[in-house]
Amino acid sequence: MTPRKPLEGLKVLELGSLIAGPFCTRILADFGAEVVKIESPDGGDPLRKWRKLYEGTSLWWYVQARNKQSVTANLKHPEGLRLVRRLVAEADIVVENFRPGVLEKLGLSWDSLSADHPGLVMVRLSGFGQTGPYRDQPGFGAVGESMGGLRYVTGFPDRPPVRTGISIGDSIAALCGAIGALMALRHREVNGGTGQVVDVALYEAVFAMME
């Protein structure tokens, strides 16, 4: 008999695009979680057409979308929001990597969702976290890797800093999000079933790796 994967039975809703959010949920999906990915109706995740293409589809997409199910929902339409709320009600974890404040504008704030689903765990991935003076700044990997110190030690002493060749800042933040989600689930299990927010800032994740 084939052994079960360790995260089988876990339900995850992804409200993410490109790298950090999808990478986080991909790790969970690889270990058996059921991941439903929400995509916009106007072309879906931009990662589908990002960088190197194979027969019109990005190679990144084939990696990040594996073991997931995709659902189209217009988050600017009431019916799309109702669909997302129904999926949240069935989920253990929601992973999102919008800019801070976007979920709140959509009426999908943590306070709102957790009031209906007290056991929910929400992973929020952004450049600089949900609070603080830089929360509204764009959270590109290049910026986070620079502020976290990684690009200072990458390259050659007589030349400007260079990128590492992969989106390592997003990837590190995503791994921190996956680990945080599992810790939050364990906390829920031993502390009365209450969920919590896992707030991951890309630059802090890189900085922690550098220490």
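Modeller: Let's start with a rule: two strands count as paired if DSSP finds at least two bridges between them. Keep in mind that this is a predicted model.

Colleague: Fine. What makes β1 and strand β6 a pair?

Modeller: Four bridges join β1 to β6 (residues 93–96), and the rule asks for at least two, so they pair. The two strands run parallel, and Leu13 stands opposite Val94 in β6.

Colleague: How do you know that β1 and strand β2 pair, and in which sense?

Modeller: By the bridges again: there are four between β1 (residues 11–15) and β2 (residues 34–39), in the parallel sense. Here Val12 stands opposite Val35 in β2.

Colleague: Why is α1 called largely enclosed?

Modeller: Buried means under 20% relative accessible area. In α1 (residues 20–30), 10 of the 11 residues are buried, so the rest of the structure largely encloses this helix. Among the buried ones are Phe23, Arg26 and Leu28. Strand β1 is mostly covered too, with four of its five residues buried.

Colleague: And what comes just after α1?

Modeller: Gly32, which takes a positive phi of about 110°.

Colleague: Why is Met147 called partly exposed?

Modeller: Its relative accessible area is 41%. Buried would be under 20% and exposed over 50%, so a value in between is called partly exposed. Met147 is found in helix α6 (residues 141–147).

Colleague: Which residues make the nonpolar surface patch?

Modeller: Tyr134, Phe140, Val143 and Met147, with a patch area of about 400 Å². To join a patch, a residue needs over 30% relative accessible area, and Met147 has 41%.

How values were computed: Residues numbered from 1 in each chain as written. Predicted model: local features only at pLDDT ≥ 70, side-chain atom pairs only at ≥ 80, totals over all residues. Heavy atoms only, no water. Buried < 20%, exposed > 50% of the residue type's maximum accessible area, 1.4 Å probe, protein only. Patch = residues over 30% accessible without salt bridge, like charges linked within 9 Å, V, L, I, M, F, W, Y side chains within 5 Å. Areas by Shrake-Rupley, 256 points an atom, 1.4 Å probe, with all protein chains shown as cover. Salt bridge = Lys/Arg side-chain N within 4 Å of Asp/Glu carboxyl O.
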